[in-house]
Amino acid sequence: GMAISPRGSLVPGAGRIELARPETGVLWKARLGEKRAWIGSGESLGLLALPFEGEDASALTLDEKPDVFAVALSDEGAIFAGTGPEAAVYRVYPEQGEADLIARLDAQYVGDMVVLPPGKVAVATGLPASVRENWLNTP
């Protein structure tokens with residue numbers, strides 16, 4: 001494609017490579033890990049793992065098949081997924097292809113999360129809107 005430069009002339013547009021086309025209509029949140037990107041998805045797909053090289057994208061479906069609106073990574077490599085419409089937080093174990101439900105919050109959605117120093121995560125929820133600090137089992 002083409003783009004317009006700041007000076008008003010036509011220049012080649014940015015290149016684009018499609019890395020994955022999962023079977024879902026929406027992708028919500030992406031976080032970069034050491035070897036792959038983790039992407040929260042809608043329509044019950046779960047958590048999409050997009051390797052940086054050598055493998056195809058794969059999905060880890062969570063037990064209750066929620067939408068994954070939030071993804072958080074700890075410095076130690078722990079992966080957390082925040083969901084809706086039941087505001088659940090999962091600890092993800094990609095090597096085993098499993099995820100454990102570790103918290104269910106009094107809200108409908110987890111909109112975002114960030115891992116704090118040892119054993120805590122800040123969770124932003126919707127309906128009702130709040131920011132909460134939760135103690136989790138982080139390594």
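A: Asp 112 and Arg 31 form a salt bridge, their closest N and O atoms lying 3.1 Å apart. The model is a predicted one, in which local features need pLDDT of at least 70, side-chain atom pairs count only at pLDDT 80 or more, and totals for chains, interfaces and linings use all residues. Residues are numbered from 1 along each chain as its sequence is written, and side-chain values use heavy atoms, with hydrogens and water left out.

Q: Why is the contact between Asp 112 and Arg 31 called a salt bridge?
A: The term requires a side-chain nitrogen of Lys or Arg within 4 Å of a carboxyl oxygen of Asp or Glu. The closest N and O atoms of Asp 112 and Arg 31 are 3.1 Å apart, so the pair meets the definition.

Q: What makes this pair a tie between separate parts of the sequence?
A: Asp 112 belongs to strand β11 and Arg 31 to strand β3, so the pair ties together parts that are 81 residues apart in sequence. Strands (E, at least two residues) are DSSP runs, numbered from the N terminus.

Q: Why is Arg 31 called partly exposed?
A: Buried means under 20% relative accessible area, exposed means over 50%, and partly exposed lies in between (1.4 Å probe, protein chains only). Arg 31 has a relative accessible area of 27%, and therefore counts as partly exposed. Asp 112 likewise counts as partly exposed, because its relative accessibility is 26%.

Q: Which residues are linked with Asp 112 in a network of salt bridges?
A: The network links Lys 29, Arg 31 and Asp 112. In the bridge between Lys 29 and Asp 112, the closest N and O atoms are 3.5 Å apart. This pair links distant parts of the chain, since Lys 29 is in strand β3 (residues 27-32) and Asp 112 in strand β11 (residues 109-116), 83 residues apart.

Q: How many salt bridges does a search of the whole structure find?
A: The search finds three. One of them joins the side chains of Glu 86 and Arg 104 at 3.0 Å, N to O. Glu 86 lies in the loop between β8 (79-84) and β9, and Arg 104 in strand β10 (residues 98-104), so the pair ties together parts that are 18 residues apart in sequence.

Q: How do you know whether Met 2 is buried or exposed?
A: Met 2 has 58% relative accessibility, and therefore counts as exposed. Met 2 is found in strand β1 (residues 2-4).

Notes: Helices (H or I, at least four residues) and strands (E, at least two) are DSSP runs, numbered from the N terminus.
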